[in-house]
Amino acid sequence: MEAKKGAGKKGSGKADWALNHIQKLYRIETQLKGETVEVRYLTLQEKSLPLLNQLHTWLEKSVQQVLPKTKLGEAIQYCLNQWEELARYTLDGLLNIDNNRAERD
């Protein structure tokens, strides 16, 4: 969101694309609430993992196109640096896409 805001009038097409992709991942998580671990895992493998792979490809391409000191460049590099942690939730149906609930507690 900071990258989108930082783009100002120059446009935020890349930031919008990334945010839209992330929203798709969260929609899948919303649909999985209350499902069994097995259903969650299979759905994550079928639906979320391909989206994550697309996002990773986009990040790898974009890191070469965006200036590293911009908000978007910093966000892209941060995602790439945290990729293993970001994608880990797809390996186990018990894990959530984020740790927001734990942080709230």
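1. **Basis.** The model is predicted: local features need pLDDT of at least 70, side-chain atom pairs count only at pLDDT 80 or more, and totals for chains, interfaces and linings use all residues. Residues are numbered from 1 along each chain as its sequence is written, and side-chain values use heavy atoms, with hydrogens and water left out.

2. **α2 against α3.** Helices here are DSSP runs (H or I, at least four residues), numbered from the N terminus. The axes of α2 and α3 lie 10 Å apart, at an angle of about 170°. Axes are lines fitted to C-alpha atoms, for helices over the stretch in contact, and angles run from 0 to 180 degrees between N-to-C directions. α2 and α3 are therefore roughly antiparallel. The cut-offs are under 35 degrees for roughly parallel, over 145 for roughly antiparallel, 65 to 115 for roughly perpendicular, and oblique for the rest.

3. **Who meets whom.** Contact means heavy atoms within 4.5 Å. On the α2 side, the residues include W17, L25 and I28. On the α3 side, they include L52, L55 and W58. By class, this contact has ten nonpolar, five polar and five charged residues. Ala, Val, Leu, Ile, Met, Phe, Trp, Tyr, Cys and Pro count as nonpolar, Asp, Glu, Lys and Arg as charged, and the others, Gly among them, as polar.

4. **α3 against α4.** α3 (residues 37-62) and α4 (residues 71-81) have axes that come within 10 Å and cross at roughly 130°. That makes α3 oblique to α4. H56, W58, L59, E60 and S62 of α3 make the contact with I76, C79 and L80 of α4. Five of the contact residues are nonpolar, two polar and one charged.

5. **The core.** A nonpolar core is a set of buried Ala, Val, Leu, Ile, Met, Phe, Trp, Tyr and Cys residues joined through side-chain atoms within 4.5 Å. The largest one has 19 residues. L25, L52, W58, L59, I76, W83 and Y89 have the most contacts inside it. α2, α3, α4 and α5 each give two or more residues. The largest share, six residues, comes from α3. Beyond its neighbours within four places in sequence, L52 touches L25, W83, A87, Y89 and T90.

6. **L91.** Is L91 buried or exposed? L91 is exposed, with a relative accessible area of 63%. The cut-offs are under 20% for buried, over 50% for exposed and partly exposed in between (1.4 Å probe, protein chains only). L91 sits in the loop between α5 (83-87) and α6 (100-104). Leaving aside neighbours within four places in sequence, L91 contacts Y41 and Q45.
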